[in-house]
Amino acid sequence: MTLHDFAHGLPKAELHLHLEGTLEPELKFELARRNGIELAERTVDEVVATYDFTDLTSFLAVYYPAMQVLVTADDFRDLAYAYLTKAASQGVRHAELFFDPQAHTSRGVSFDTVITGYRRGIVEARRDLGISAELIMCFLRDFSAEYAMATLTDAIRYQDWIIGVGLDSDERGNPPEKFAAVFARARQAGFLLTMHCDIDQVGSIDNIRTVLTEIEVDRIDHGTNIVEDPALVDLAIEKGIGFTTCPISNSFVTDDMKATEIVDLLRRGAKVTVNSDDPAYFRGYIGDNYAALADRGELSPADLAQIARNSFEVSWISDRRRQELLTEVDAYFASHQ
Ligand code: HPA
Ligand code: ZN
């Protein structure tokens, strides 16, 4: 068996995945047709040709306009179900999925439409495929803290369906402390916390420090710039903080996969995980990310199995489900020796 096949079949959790970032061109055309929306591009190749990103900002400039085709609860259901089907085919046993309600409420689609559609996709995928999934609601950091607080109020109405909150979109000029009060309130309400610390931002290391020591998140999304401050790495390890890294995404929004940084953190014992971020845009799902990192970072099957174990260790699941999934990793590894 090749390392690529081993990586794809390995039981794993996906912890850094934006549902809106799974909108494949084919589904985009289908939803546009369903909703009577005229698109600028006529073919899949024309859509993919617009995926010419040099940084996070240029990615987001393509990502948000594409969402206009998502209108009804069925659309959101179909998006989640299609993603979970693909994920299950690449070994994902559990997924914690980001969604961006403000990318929809800001254009007139209700919070209720978004979440009832996504929830239905998750429930049906669990029934049909045995894959478990939870939702993490992200605030868009380039909108105001007041808008985030109002969105948190919406989330509290659906608390049974949302396990945690996160922070995404453009980090430039929008540091974590802008949302300190929102995250304090979210924690008080019982949500788990994570935040994006995007790659190579101005002030990345200061933002990572704030997120770890002031916001006191449970996980960090990306966050590999932490290697710039070894004392902070030690603190993250001591706290058992999970890092949800995304190698292929990194190679799109910077000029590097950041394999050196990811492997360095892994070797030091940080709870590094590997994920796909926005796979429809970066053209790689989670198995592809494991395989790409293994190639670039010279990882062995045992290293990949450790990353998969980490993914379940830092998942927001019951200890019973965690044990069940860790046992699956061990059995898979043992049977592929
Ligand atoms: N970073 C910030 N915002 C995002 C991302 C990301 O990785 N993906 C989708 N929105
Ligand atoms: Zn992300």
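This is a predicted model: local features need pLDDT of at least 70, side-chain atom pairs count only at pLDDT 80 or more; totals for chains, interfaces and linings use all residues.
Two strands count as paired here if DSSP finds at least two bridges between them.

Stepping back, the strands make up an open sheet of eight, in the order β1-β2-β3-β4-β5-β6-β7-β8, with parallel pairing. The edges are β1 and β8 (271-274), each of which pairs on one side only. On average, neighbouring strands are turned by 25° against each other, direction ignored. Helices pack on this sheet too: α8 (residues 145-157) touches β3 and β4 (162-168), and its direction makes about 155° with that of β3. Helix α10 (residues 204-215), for its part, lies across β5 and β6 (219-222) and runs at about 170° to β5.

Then there is the metal. The zinc ion (ligand 2) has His-16 (NE2), His-18 (NE2), His-196 (NE2) and Asp-277 (OD) as its protein donors, lying 2.1 to 2.3 Å from it. Along the chain, these donors follow the spacing H-x1-H-x177-H-x80-D. Distant parts of the chain are linked this way: His-16 belongs to the loop between β1 (12-14) and α2 (25-34), while His-196 is in strand β5 (residues 192-197), 180 residues apart. Both of these histidines, His-16 and His-196, are buried.

Helix α17 (residues 319-335) has its own two-sided story. Its buried residues are Arg-321, Arg-322, Leu-325, Leu-326, Val-329 and Tyr-332. Seen down the axis of α17, they fall within an arc of 130°, so they line one face of the helix. The cover over them includes α1 (3-9), β2 (92-99), α7 (111-129), β3 (132-140) and α16 (301-313). Turned away from that buried side is the face with the exposed residues Asp-319, Arg-320, Ala-334 and Ser-335.

Technical notes. Residues are numbered from 1 along each chain as its sequence is written. Chains are lettered from A and ligands numbered from 1 in the order in which they are written. Side-chain values use heavy atoms; hydrogens and water are left out. Buried means under 20% relative accessible area, exposed over 50%, partly exposed in between (1.4 Å probe, protein chains only). Helices (H or I, at least four residues) and strands (E, at least two) are DSSP runs, numbered from the N terminus. The arc is that of the directions from the helix axis to the C-beta atoms. Contact means heavy atoms within 4.5 Å. Donors are N, O and S atoms within 2.8 Å of the metal (3.2 Å for Na, K and Ca); water is not among the atoms, so sites may look incomplete. Axes are lines fitted to C-alpha atoms, for helices over the stretch in contact, and angles run from 0 to 180 degrees between N-to-C directions.
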